[in-house]
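Colleague: Could you walk me through how the labels in this model were assigned? I would like to see each value set beside its definition.

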Amino acid sequence: MKTPHVIVIGGGFAGLSAAVALASSGVQVDVLEARGELGGRASSFRDRGTGEWVDNGQHVLMGCYHETFAFLRAIGAERDVNLQHALEVTFVDAQQQLSVLRCPAWRPPLNLAGGVVRWDGVGWRARLSALRLGRALRRARAGTARPLDDLVRPGESVAQWLARHGQHGELCTMLWEPLALAALNEDPARASALPFVRVLGRMMGASARDAALGIPAKPLVALYGEPARRRVEAAGGRIRTHNLARVRLAGDRIVGVEVRDVRRPGHRPYVEGDAVIVSVPWFDLPRLFIDETQNGGPGAMAAVCHAAAETAASPIVSVNLWFDREVLPCAFVGLPGRALQWAFDKRAVLGENASHVTLVGSGASATLRQSNDTLAALAIEELGAALPSVRRASLRRTLVVREPRATFSVAPGQPARPATTTAVPNLVLAGDWVDTGLPGTIEGACLSGRWAAEAVRRLLGMG
Ligand SMILES: Cc1cc2nc3c(=O)[nH]c(=O)nc-3n(C[C@H](O)[C@H](O)[C@H](O)COP(=O)(O)OP(=O)(O)OC[C@H]3O[C@@H](n4cnc5c(N)ncnc54)[C@H](O)[C@@H]3O)c2cc1C
């Protein structure tokens, strides 16, 4: 029997997790990636000044990222994430007071309740207000497989949802808002409450570890890009970087995938497969399809392309600082109420391979357009005000990384997200923006990748 052949367009978490799943079940996979390296919005590059690997932004995993950990396990990389046993976060508040939220390893949601009630980072009233969320959290937890719409009012924002559930302002500022900003990459006053409640539901999973945080112990390219490449190639598949793909359609039929090797202008071979997985981000989708019967329009994919073009993006800004010594008290610190809400000590997690601190600003519409000098000065000012150790250290280098389209916006009023299957029978979609119900995260990308691989297997009659 002929080995089935599947083309995967896009080499981020979604495309690679789909490719690995298919390669592991005997499918010949061809991954086409436009850029010179794998990873997409979760990638690394060499810093010219120091030669160190720098990620395009700090990526944090959670214990409830079950799809992501399954993918990492499949490529032998699960151990390369430092996952806490239970949620523990060090915060420095606006008055420069340092406190540690330490959740016991109790059954959720008791773990969170126990951690917050014992946390001296907020006053008693604020701590006790967390208990008012108990019913909603239990329902969100039980409802992870059921719709949760009844928990959220139409058009309700995260901030409104928290207020309706009696959350004290201090607890919102110190815990819920930084958590929502990090998970949704959107201002809690704008972000829809539904994806936030879904995230909370997943954090309150079967074990206390579901709420724990995981920090990659390798640069992203080494964590999953290259191991995924090795896994696919070992199974006889191919990964081709520098290959910009376009899908030629005729009605609801794929004519072929045109590939432009960006290093060889004029060279545009076609590749053909039994099925195509498109895992490009929403903002690249409208340029992907050419319908030969419709003067080059997107043909059967028009509705999905139109929705993609209407989908707003939300930015993330990262500022990397090289000091002459270690300045953070632990691997990462939450800085609630600041423009850059988290600081990560890359030396603590990457060892000798890195010596910088990365500050991250999520939902960064207000800071995105500021100059590099302004952003670096802001980072130094905010970190220095929070930690005396920073004021004693000498700064060696700064590097700003902007990701204007880091994630799709979860503000209300966005177009519906697409399903895995499309109007073209042997073309399926993957990517964090596919309708998984999750915000734009690695977990959403990996889940969409698994769904795409399963849809293709069904299509090929492989069960
Ligand atoms: C700075 C930053 C920080 C983040 N932090 C977190 C975090 O802490 N936790 C978390 O869970 N998530 C985080 N995210 C979100 C996470 O990175 C994304 O949700 C995830 O990486 C999306 O993966 P993907 O495969 O769906 O898309 P992408 O990573 O965008 O991959 C799509 C790939 O398709 C390629 N492509 C596009 N067009 C073509 C074409 N025509 N031909 C061939 N290839 C093409 C692109 O080059 C790209 O490599 C962060 C994102 C950013 C930017």
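What follows is a conversation about the terms used for this predicted model.

Modeller: Happy to. This is a predicted model, so local features need pLDDT of at least 70 and side-chain atom pairs count only at pLDDT 80 or more, while totals for chains, interfaces and linings use all residues. Residues are numbered from 1 along each chain as its sequence is written, and side-chain values use heavy atoms, with hydrogens and water left out.

Colleague: Let us begin with lysine 2 and aspartate 274. What makes this pair a salt bridge?

Modeller: The term asks for a side-chain nitrogen of Lys or Arg within 4 Å of a carboxyl oxygen of Asp or Glu. In lysine 2 and aspartate 274 the closest N and O atoms are 3.6 Å apart, so the pair meets the definition. The structure holds 23 salt bridges.

Colleague: Which parts of the chain does the pair of lysine 2 and aspartate 274 tie together?

Modeller: Lysine 2 lies in the segment before strand 1 (5-9), and aspartate 274 is in the loop between strand 13 (270-271) and strand 14 (275-278), so the bridge ties together parts that are 272 residues apart in sequence. Helices (H or I, at least four residues) and strands (E, at least two) are DSSP runs, numbered from the N terminus.

Colleague: Why is lysine 2 called exposed, and what is aspartate 274 called?

Modeller: Buried means under 20% relative accessible area, exposed over 50%, and partly exposed in between, with a 1.4 Å probe and protein chains only. Lysine 2 has 62%, so the label is exposed. Aspartate 274 has 29% and therefore counts as partly exposed.

Colleague: How do you know that glutamate 233 and arginine 229 are separated by about one helical turn?

Modeller: Because they are 4 residues apart in helix 9.

Colleague: Why are helix 2 and helix 9 called oblique to each other?

Modeller: Angles under 35 degrees count as roughly parallel, over 145 as roughly antiparallel, 65 to 115 as roughly perpendicular, and the rest as oblique. Helix 2 (residues 66-74) and helix 9 (residues 220-234) pack at about 55°, with their axes 9 Å apart, and therefore they are oblique. The contact, meaning heavy atoms within 4.5 Å, is made by Phe71, Leu72 and Ala74 of helix 2 and by Leu223, Tyr224, Ala228 and Arg231 of helix 9. The axes are lines fitted to C-alpha atoms, for helices over the stretch in contact, and angles run from 0 to 180 degrees between N-to-C directions.

Colleague: What makes helix 8 mostly covered?

Modeller: In helix 8 (residues 193-203), 9 of its 11 residues are buried. Among them are Phe196, Val199 and Met203.

Colleague: Why is asparagine 185 called buried?

Modeller: Its relative accessible area is 2%, so asparagine 185 falls on the buried side of the cut-off. Asparagine 185 lies in the loop between helix 7 (169-184) and helix 8, and has a positive phi of about 55° although it is not a glycine. Glycine 363 touches Asn185, as well as Leu181, Glu186, Ser314 and Pro315, not counting residues up to four places away in sequence.

Colleague: Where does glycine 363 lie, and why is glycine 363 called partly exposed?

Modeller: Glycine 363 is in the loop between strand 19 (356-362) and helix 12 (372-386). The relative accessible area of glycine 363 is 25%, so partly exposed is the label.

Colleague: Which value puts histidine 242 in its accessibility class?

Modeller: Histidine 242 has 22% relative accessibility, so this residue counts as partly exposed. Histidine 242 sits in the loop between strand 10 (238-240) and strand 11 (243-250), with phi near 60°, a positive value in a residue other than glycine.
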